[in-house]
Amino acid sequence: MSTAAIEYRQEIPVVEGKPSAAQIDATIAAPLDEFPKRTWWVTFAVTATMLGFGAYCAFMTVFEGLGLWGINIPVAWGFDITNFVFWIGIGHAGTLISAILFLLRQHWRTGVARFAEAMTIFAVICAGMFPVLHLGRPWLPLYLMPYPNQHGVWINFMSPLVWDVFAVSTYFTVSLVFWYTGLIPDLATLRDRTTNKVKKTIYSIFSLGWRHSNRHWQHYERAYLILAGFATPLVLSVHTIVSFDFAVSVLPGWHSTIFPPYFVAGAVFSGFAMVQNVLIFVRQSFKLKHIITMNHLEKMNQIMIVTGSMVAYSYLMEFFIAWYSGNEFERFAFLNRALGPYAWAYWIMVCCNMLAPQLFWIKKIRRSIPAMLAIGVLVNIGMWFERFVIIITSLHRDFLPSSWGMYYPTIYDIGILIGSFGLFFTLILIFVRVLPVVSISETKAVTESAQPGHH
Amino acid sequence: MHSRGTIEYNERIMNEGPLYSITALFDTPDEIIHAAEEVSKAGYTRFDINTPYPVHGMDKAMRLRQSRLGIFTLFFGLLGTITAVGFMTWVTLVDYRLVIGGKPFWTWPAFVPIAFEITVLLASVLTVVTMIVLYFRFPNVSHPLHDTPYMKQVSSDKFGISIQANDPKFDEAAVRELLRSIGGRQIGPVYFDADDRAHAPKLFEPKFLGVLALTAILVSGATYFSFNKLLFMQPFSWMSEQNKVKAQTPSDFFKNGIGMRPPVEGTMARGFLPYPFKGKPEEAGKDLVNPLLPMPANLARGKARFLTFCSPCHGNFARGDSRLQGQFPNPPTLHSDKVRNWPDGNIYNVMTEGQNAMPSYASQIPREDRWAIILYIRALQRAEHPKESDFK
């Protein structure tokens with residue numbers, strides 16, 4: 001069978017070639033053992049600089065106050081909440097790959113799951129930063145939690161913003177536990193491979209004494225299944241609750257029942273674009289092309305067509321409902337989106353999210369690295385602008401024309417956005433050097449003849 | 001008795017303790033499944049299979065019961081739901097009844113997201129903790145299998161079986177024979193590490209105590225710094241430092257360096273009246289007239305002020321019976337003939353300027369209140385020295 005004509009109904013080997021278990025160890029552990037090359041250092045310098053600039057802007061914001069940002073009445077939510085929703089969305093692909101595809105027995109997830117889970121955690125870290133900075137006094141986030149206090153006050157359990165705190169913190173914790181659980185056997189393998197005493201100590205501590213015992217594997221597999229079972233509804237709940245931040249309000253443009261599914265689809269959409277983008281570089285630079293194969297990338301692109309089309313449907317349906325509802329304010333909000341002062345942002349969003357991913361219907365584009373890289377980048381630009389459009393255009397035209405205003409981001413807004421990208425990529429660069437980017441034990445389990453035949 | 005010859009694979013150079021197990025390695029998953037089946041069939045129960053990844057069908061081959069981990073998950077999940085719903089119910093119905101947006105106190109649909117999140121949180125995190133701590137007895141890095149060549153291979157690409165010496169059926173020669181017969185390679189013993197076994201963690205180990213003391217110092221130092229220093233630094237100081245001029249402080253903004261602006265010349269405070277009788281009690285007595293009439297309201301006001309400001313020294317009935325237990329010299333009674341015969345202006349002057357040990361009360365008691373107090377003192381005097389007409 002030639003690679004050009006892939007029979008999709010047939011099971012494609014997840015790992016190309018037939019690497020032995022020892023070869024898999026060596027390939028995946030290679031980046032952890034060698035000293036980083038120049039490309040890595042140059043990239044790291046760039047991302048660390050971005051992070052540094054963001055950290056400066058964040059420090060100034062904390063020190064001087066939120067007056068440094070462009071937010072004001074009527075646009076009280078600006079880049080901060082846009083970035084928050086964007087980053088939370090990026091994280092969703094990781095959980096989708098690790099949990100939902102696991103439950104659906106999609107074995108191809110093995111090659112990309114670990115990396116996507118790590119990305120989830122880093123993205124949630126980036127996301128969590130924004131609401132906390134938005135508090136104005138970010139050293140008091142405890143006020144968001146219900147804790148017994150001298151003021152005799154409890155938080156309002158009817159507020160979507162409070163639900164959000166619970167959703168995001170649960171999401172982070174469960175993702176971290178899921179990720180770490182997956183790492184334990186790999187850390188044990190690394191522990192037994194390494195000759196470096198310091199590394200051995202660290203791996204020993206974090207592998208907790210794993211012995212690859214089948215009396216443990218039995219429970220381990222069950223726990224992994226349980227975690228996947230919980231992470232699946234959790235990931236759907238998180239962006240649903242994020243969308244409640246908007247949908248539960250009475251603002252035209254936000255008050256919409258389509259928001260939860262629309263947000264979840266958008267989150268998966270942008271998350272897959274990001275995973276695909278970063279994996280292109282990882283598989284290239286760490287020689288993992290036979291483990292993270294073209295088939296993996298193609299499957300991710302297919303998921304992007306599905307979710308991208310769901311997002312496109314939502315865009316159209318929002319307009320239809322605005323017309324069909326007969327509500328003047330609703331109609332105005334949407335006409336203003338497409339034709340008002342922020343029309344440029346709206347049309348960027350439409351081009352990048354509705355049109356660009358449709359190119360993936362063509363198989364050649366789906367399997368071409370430069371094309372999918374470009375489309376992935378466009379999708380993430382589009383998805384960032386989607387959140388910008390939803391937040392800014394809905395706010396900047398209040399019910400009374402006397403309260404209308406515009407939103408102009410300051411250098412601090414932009415700096416913190418750049419800094420969040422810096423943080424994300426810096427964490428990824430560190431991650432690929434200290435932990436296996438592909439699950440070693442899972443990859444071994446899905447290579448050919450890794451499982452006993454029928455005897 | 002085993003010979004320490006060349007065929008011994010897992011030879012330990014380190015301090016050896018008693019035998020832990022006999023191990024053998026296999027190359028393929030089919031072989032290890034077969035091995036597990038044979039060993040189970042032979043009646044061994046304390047043996048383990050170590051493989052770099054979970055091999056399908058191993059539970060059956062090893063005759064393991066199905067994992068019961070799910071029961072814990074169910075328990076923790078229910079615990080999470082009940083805790084979350086119960087807590088929110090208690091807050092909204094008992095501890096903090098607050099009407100929000102005109103909605104009922106107990107709005108259960110709004111509790112669903114948080115109840116769901118807490119359920120997922122407790123169920124998933126505690127399931128993993130249960131698995132690691134209860135089922136695996138982890139963390140444990142001093143298991144005899146650790147750091148053996150056997151472990152190094154099964155964590156990479158070999159499939160191993162380890163039959164423990166504490167198995168009731170264990171007989172070294174028989175076990176070796178069994179392993180050999182099912183195709184095991186590199187058959188060899190694994191021993192407990194004598195050092196590990198001799199080493200029992202002690203509470204009063206100097207190293208442990210040192211770490212404990214260091215942690216205590218660091219934690220308490222950080223806490224002290226946060227609460228006593230950090231909270232008073234910018235920007236954590238609750239906006240106590242702001243770009244504004246506080247009263248009575250210098251400022252570079254003005255030429256004369258004074259932050260406050262002096263009022264325009266001739267400005268008088270609202271309600272200010274000059275007091276021309278400084279040091280002239282007789283004239284005050286002659287010229288000043290009480291502007292208030294002895295109405296019940298004025299008397300009540302005077303009583304309240306008298307009890308607050310005057311009674312500590314003068315006594316509740318102005319008899320000069322101080323309540324201060326001799327901590328301050330007692331003033332004379334106000335029921336003396338001298339005071340009773342003073343005109344109101346004289347008393348007013350004493351309150352305004354002070355007399356002997358008594359300081360001025362002008363800054364504490366407003367003008368009208370001083371006059372009201374005088375009305376009340378007059379009433380007290382009248383009560384002590386009633387006129388004939390009062391008895392009618």
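**View 1. H3(B) supplies the largest share of the nonpolar patch, three residues.** Everything here comes from a predicted model. The surface patch itself is nonpolar, covers about 610 Å², and is built from B:Trp90, B:Leu93, B:Val94, B:Trp106, B:Trp108 and B:Val112. Two helices of chain B, H3 (69-95) and H4 (108-135), each put at least two residues into the patch.

View 2. How big is the area buried between chain A and chain B? About 6,200 Å², with carbon and sulfur atoms giving 67% of that area. Look for A:Trp154, A:Met158 and A:Arg211 here: together they supply 12% of the area that chain A buries against chain B, more than any other three residues. As for who takes part, the contact draws on 64 residues from chain A and 73 residues from chain B.

**View 3. Polar contacts, and the helices on the chain A side.** With both residues at pLDDT 80 or more, 26 residue pairs are in polar contact between chain A and chain B. Which helices of chain A each supply at least two residues of the side that touches chain B? They are H1 (21-33), H2 (38-64), H5 (160-193), H6 (197-207), H7 (214-247) and H15 (440-446). H7(A) gives the largest share of that side, with 17 residues. Sorted by type, the residues on the side of chain A that touches chain B come out as 34 nonpolar, 20 polar and 10 charged.

**View 4. A salt bridge joins A:Lys200 and B:Asp147.** Over all chains the count is 24 salt bridges. This pair crosses between chains, running from A:Lys200 in helix H6 of chain A to B:Asp147 in the loop between H4 and helix H5 (149-154) of chain B. The side chains meet at 2.7 Å, N to O. Between chain A and chain B, the salt-bridge count is one.

**View 5. Cis peptide bonds in chain B loops.** The bond from B:Phe138 to B:Pro139 is cis, its omega near -5 degrees. B:Pro139 lies in the loop between H4 and H5 of chain B. Further along, B:Gln234 and B:Pro235 are also joined by a cis peptide bond, with omega about 0 degrees. Where does B:Pro235 lie? In the loop between helix H8 (206-228) and helix H9 (281-287) of chain B. For context, most peptide bonds are trans.

**View 6. B:Arg63 has a positive phi.** The value is about 55 degrees, although B:Arg63 is not a glycine. A negative phi is what most residues other than glycine have. To find B:Arg63 in the model, go to the loop between helix H2 (58-62) and H3 of chain B.

Methods. Residues numbered from 1 in each chain as written. Chains lettered and ligands numbered in written order. Predicted model: local features only at pLDDT ≥ 70, side-chain atom pairs only at ≥ 80, totals over all residues. Heavy atoms only, no water. Contact = heavy atoms within 4.5 Å. Buried area = accessible area lost by both parts, 1.4 Å probe. Salt bridge = Lys/Arg side-chain N within 4 Å of Asp/Glu carboxyl O. Polar contact = N/O pair within 3.5 Å; in protein donor to acceptor, adjacent residues only side chain to side chain. Helix = DSSP H or I, 4+ residues; strand = E, 2+ residues; numbered from the N terminus. Nonpolar A, V, L, I, M, F, W, Y, C, P; charged D, E, K, R; others polar. Patch = residues over 30% accessible without salt bridge, like charges linked within 9 Å, V, L, I, M, F, W, Y side chains within 5 Å. Areas by Shrake-Rupley, 256 points an atom, 1.4 Å probe, with all protein chains shown as cover.
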